[in-house]
Amino acid sequence: MASSTKLLTKIPHSFHSLYPTKITLFDFATVQSFNFLKNFSSNADSNIFHNFNFDSFFANLIDNSPQKNNLAQVHAKFFLLGIQQRGFLITKLINAAVNLGEIGYARKVFDEFSDPDVFVWNAIIRGYSKYNLFAGAIEMYSRMQVLWVSPDGYTLPHVLKACGGLPSLKMGQQVHGQIFRLGFEKDVFVQNGVVAFYAKCGKIASAKVVFERLEIRNVVSWTSMISGYAQNGKPIEALRIFDEMREMGVIPDWIALVSVIRAHTDVEDLEHGKSIHSFVIKTGLELESDLLIALTAMYAKCGQVMVARSLFNQMKVPNLILWNVMISGYAKNGYADEAVKLFRDMISRNFRTDSITARSAVLACAQVGSFELARWMDNYISKSEHRDDIFVNSALIDMYAKCGNVDMARIVFDRTLDKDVVVWSAMIVGYGLHGRGREALDLYQLMNQAGVRPNDVTFLGLLTACNHSGLVEDGWQLFHCMKDYGIEPCHQHYACVVDLLGRSGYLDQAYDFILKMPIEPGVSVWGALLSACKIHRHVTLGEYAAERLFSLESYNTGHYVQLSNLYASARMWDRVAKVRVLMREKGLSKDLGYSLIEINGKLEAFHVGDKSHPRSKEIYEELESLERRLKQAGFVPDTYSSLHDLNDEEMVETLCNHSERLAIAFGLISTAQGTTLRITKNLRACINCHSATKLISKLVNREIIVRDANRFHHFKDGEGGTVLTNSGRQEEGSSPGQLLLAEGEVKVDPDNVPALYFAPI
């Protein structure tokens, strides 16, 4: 060192000021330094030159190299000076390249070094591991072993991270065995890597064993275990370990807090999640990006989208994960318009999207229900990198089906390559939603021919399709085919069968089916029976179904409304009044019915008797014109559809002013002849409006598509939906009055019931 100090006294002042103080102006310093070394290498005092401290000199230059070409200059000088085999400098050079993100250059430097020691190996393995190039890290470690270079306590954690990242359980277990052989079983740094490795490979029990054997547990040890439980779907255990950590007086770091917040998110424990948020603020970590993402996701999943958005807005430049969290949060909490708006904002700012972004945006478009918006979304996807993404295409199929155009859904289905069960099921469910049972069954046959095995969603779509198409025998057979594929029916499948039988008039068989269920009937099953009883005015059985529903969900408004509607359809007004009093006592109120119609990409809303629209006068004039034409065509209003105790004239007037009738009238005066009218209704369409809409489609020569709370109804040329009679057959224009018998009972002829209905479950 004395020699190098003596040497420095001979350096010009401009260069002397750069050494040994920190170098900041790299290019200037490099020129001065290299010129000096070039001149001095020929100096007569060669002894001083060869004793010069090159390691310290070049380490300082390397540490302050801002770009790859600066490192290349330094590396080239190594060869000129004959110091290219100095392991310390090569290690520094590789680490610097890694820190600049130049892993390719780091590998080039490594390959040019003939005899790397453990420090050089550690540098390149760390580089691959840092940038999640796990296969490269494993490759280098394997080469290290072949060359008999023994790893140290800094090698093994990076290798374990790579094994967990791939994941490669077998390789990681081999490394774990080597850790014992090398005597690192008490090295907490290495053992933390073992815990994290097993957790990432899904072997949380093994991770727990290693964790419990640790004599010393630092914050990384606890964090590894908390993260392991959280990542493996065990949020309660993650929170338990976190509580133990706090009891031991260990202060969590931001990584641990991210996992804890995710655990609270998984169990939807917003209150305790808020307490963690307070801790984050107190510790000054609120601007940590991963914590911000985790908190945004928590509030979004728990329905607090406004709080989530305020956190989102704190990030000046949101990353992809944060965009996804917010868009998905809006979409899954019923804020579809906000989700679409945010997605448009994202792509307008040229942010990169991924499959999750696209799927969340498509989901939002499906919820909006606008066909024009759906076409815009499809057009965007077709021009993006997601056009061949099977998950995105499945979402597009679902979107088009829910936006009222199952034919466009089929186009997406047909153009999708390598269809898996999700794609097939999405199309079958779409057909079911539109009551196109035969198409669903035909597609199911093609699915079998393609060798794709159906799943529970496939059968749910098939049963729904049969239900909405009145295909009772087909639906029954399909239900019993489920076990052939090893699929156990869930409540939704049983509810579909109850609805299938009940809507077709087989109420006694539906009830017997429920009694024989191997699982306890839930809300969906009893709700399906009550709905069927309302259709066929089976008061006694409907009351029993309602009692079961009230015992399961005593504060669900929909159950009381269904029972009230059952009484109203049977003209039992005193019982209707009792139900309404009961609802008031419980603080329950019925949802206001409304209908939406899309005109030029804009949704217009109407409710029953609505006169608030600017074109209200024109709408009612068109409505009166339609009513005159309906009467002239022989249409007789179904007054049983009125749910209020009114005289016949008042009933007819009320039925004429239902929200979907107002939406149709507005659509007719706002669009060109022949334009399809697309209407969405938040409640079920009544039988009177169903029959009237069918005839209106013929009178005005329009296709009218109505989406109610259950399904889509397509009306064209006087054809479309059907009314089920007590025989289970579909008859055009049958009057529901034909179903009303003494005391509201439904007459079912046992001779007309297929034998398969009496088969055991």
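Strand β1 (residues 594-599) and strand β2 (residues 602-607) run antiparallel and are joined by 6 bridges; strands here are DSSP runs of E with at least two residues, helices are runs of H or I with at least four, and both are numbered from the N terminus. Two strands are taken as paired if DSSP finds at least two bridges between them. Within this pair, S595 stands opposite F606 in β2. The hairpin has 2 residues between its strands, and N600 adopts a positive phi near 55 degrees.

Strand β1 also pairs with strand β3 (residues 677-681), again antiparallel, through 3 bridges. Here L596 has T680 in β3 as its bridge partner.

The model is predicted: local features need pLDDT of at least 70 and side-chain atom pairs pLDDT 80 or more, whereas totals for chains, interfaces and linings use all residues. Residues are numbered from 1 along each chain as its sequence is written, and side-chain values use heavy atoms, without hydrogens and water.

The protein as a whole contains 40 helices and 7 strands. Residues 420-454 are 74% helix and 0% strand, with end C-alpha atoms 10 Å apart.

Of the 761 residues, 51% count as buried (under 20% relative accessible area, 1.4 Å probe, protein chains only).

Technical notes:
Buried means under 20% relative accessible area, exposed over 50%, partly exposed in between (1.4 Å probe, protein chains only).
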